[in-house]
Amino acid sequence: MKVIRGGTLVESNWQGPADLLIDDGRVVAVLAPGADVDPAAEVVDATGKLVMPGGVDPHCHVGFTSGEFTSLDSYRECTTAAVFGGTTTIVDFAIPRPGQSPLDAAEQQRQKATDGLCDSALHACVVDWDDTTADQLATMAQDGIRTVKMFTTYAGETMANEHTILKTMQTTRDLGGMVIIHCESDAIVTDSQTTAAATAGIDAAHMSVTRPEIAETAAVAAILAIAESQDAPVYFVHQSTAAAVELVADARTRGLVAFTESVAHHLILDDSAYGGENPERFVCCPPLRSADAVEELGQHLFTGHITTIGSDHCCYDTAQKEVHSHDVRHMPNGLPGVETRLPVIFSRYVRDSNLTASRFVELTSTNPAKTNGLFPRKGTLMPCADADIALWDPDVEWTVDVDALHMATDYTPYQGMTLRGKPVTVLVGGKIVVQDGELVDGTPRGRHLQAAPLDFEGGRRTQV
Ligand code: URP
Ligand code: ZN
Ligand code: ZN
Ligand code: ZN
């Protein structure tokens with residue numbers, strides 16, 4: 001038994017001074033500050049700290065193979081970095097290789113998830129529809145895999161056509177699940193790439209023109225129409241522009257259950273990175289947008305239109321990023337970010353822009369838990385929740401340096417950035433794993449989490 005004493009508890013809907021009693025891996029009680037507890041309870045001093053539910057990263061690729069490249073981390077490495085960054089649950093993807101079935105991809109990815117320091121869940125992925133797909137989705141739903149990733153781009157790899165998207169939406173809706181979708185119009189992207197190759201250039205410095213904002217909004221509009229036709233819930237991953245977010249918000253006002261995820265790099269970094277040194281290190285899809293677009297997107301953290309913040313963690317190193325930096329069509333897309341997701345958002349938006357700490361918890365922990373069928377086991381510190389807890393020093397100033405991070409790569413897109421606030425002590429299942437910034441318990445306790453059916457009833461009831 002432990003008591004976390006003297007801190008400020010931050011939940012998504014309130015914050016205030018409180019002590020937290022935990023036992024057997026779970027939260028037992030939220031207590032008035034200084035309340036009597038069993039004298040045998042170990043005291044964890046949280047004076048001056050924010051006591052938050054550990055982060056839930058809804059978008060994290062672990063050892064992800066795309067084209068000729070595989071991102072570099074194992075579950076152990078990814079979850080170690082996650083925990084150092086205050087995240088105690090990751091949701092990974094089982095993305096089939098060409099010709100592989102969704103179920104086979106899920107079983108293969110599950111087998112890798114044996115040595116995590118924290119719990120994980122999995123998104124399935126459908127690329128092609130055939131007469132076995134519905135049964136495969138039902139089997140995975142039974143096994144607690146209910147969210148299904150789809151792509152409107154990456155033709156020849158993971159792109160699904162509209163028939164497949166519609167059928168998958170129908171089926172996941174009836175299984176208590178939800179399609180989560182990467183939206184960029186493949187036609188617009190392909191044409192923009194061809195034009196860029198013939199004119200401005202197709203190297204990493206020209207990333208922006210190869211995937212314009214209109215490619216994203218076009219695909220979001222098309223997918224919303226399919227979801228509305230089926231009254232199916234839908235979650236848009238890594239929305240990078242205010243215009244895309246607003247299309248989803250409008251659909252919500254018409255009654256559709258639709259969610260927006262943004263990822264940390266689109267809320268912090270801008271396309272000036274493509275004009276600097278090593279532009280390839282910033283190549284991701286959708287690409288980083290203009291500084292004005294980042295500002296507009298960030299406003300939707302305050303309007304409420306953004307539901308969750310993920311990392312879209314993809315742990316490539318500089319050598320992998322450099323191989324085809326002369327041609328973005330062949331580059332590995334994605335940025336390492338599972339460890340930095342929470343600190344960069346906390347610093348930029350809570351410390352520098354008055355986002356409340358409660359809204360921060362909602363965006364980075366509570367809502368990701370809800371949209372993945374993991375709430376209230378994750379995403380809160382109410383009694384019975386798992387005792388996955390991050391103690392934050394909200395005032396500490398520090399400078400991001402790749403040498404002090406734990407991700408299995410040799411760079412971070414935030415190198416040299418000065419931040420305010422950091423998770424200093426992190427508990428997983430009631431055990432202190434990171435204490436004062438040091439790993440003190442590397443026991444692989446990570447479990448595969450079963451997602452509960454999402455409570456959207458016909459697409460039109462509970463919204464997070
Ligand atoms: O650039 C990205 N986002 N890479 C990872 C795969 C995906 O599209 O999410
Ligand atoms: Zn994507
Ligand atoms: Zn992704
Ligand atoms: Zn090349």
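Predicted model: local features only at pLDDT ≥ 70, side-chain atom pairs only at ≥ 80, totals over all residues.
In which sense do strand β1 and β6 pair, and over how many bridges? Let me start there: strand β1, residues 2–5, pairs with β6 in the parallel sense over four bridges, where two strands are said to pair if DSSP finds at least two bridges between them. Helices (H or I, at least four residues) and strands (E, at least two) are DSSP runs, numbered from the N terminus.

Residues are numbered from 1 along each chain as its sequence is written, and chains are lettered from A and ligands numbered from 1 in the order in which they are written.

On confidence, pLDDT is the predictor's confidence in each residue, from 0 to 100, and the protein has a mean of 97, with 98% of its residues at 70 or more. Over residues 458–462, however, the pLDDT is below 50, and this stretch has 14 contacts in the model beyond near neighbours in sequence; a contact here is a pair of residues whose C-beta atoms, placed from the backbone, lie within 7 Å. The model scores are ipTM 0.94 and pTM 0.98.

Back to the sheets. Strands β1 and β6 belong to an open sheet of four strands with the order β5-β4-β1-β6 and mixed pairing. Because β5 (26–31) and β6 (42–45) stand at the edges with a single partner strand each, one side of each is left without a neighbour in the sheet. The twist from one strand to the next averages 25°, the axes being lines fitted to C-alpha atoms, for helices over the stretch in contact, with angles from 0 to 180 degrees between N-to-C directions.

There is also an open sheet of eight strands, in the order β8-β11-β12-β13-β14-β15-β16-β17, with parallel pairing. Its edge strands are β8 (55–57) and β17 (308–310), each of which pairs on one side only, and neighbouring strands are turned by 30° against each other on average, direction ignored.

What surrounds ligand 1? The residues are H61, H182, C284, C285, D312, C314, N333 and G334, each counted as near when its C-beta atom, placed from the backbone, lies within 6 Å. By class, this shell has three nonpolar, four polar and one charged residues.

The peptide bond from C285 to P286 is cis, with omega near -10°, and P286 lies in the loop between α9 (264–268) and α10 (291–303). D312 has a phi near 50°, a positive value in a residue other than glycine, and D312 is found in the loop between β17 and α11 (318–323). A cis peptide bond also joins F375 and P376, with omega about 10°, and P376 lies in the loop between α13 (357–371) and β18 (389–399).

Definitions and conventions
Contact = placed C-beta atoms within 7 Å. Nonpolar A, V, L, I, M, F, W, Y, C, P; charged D, E, K, R; others polar.
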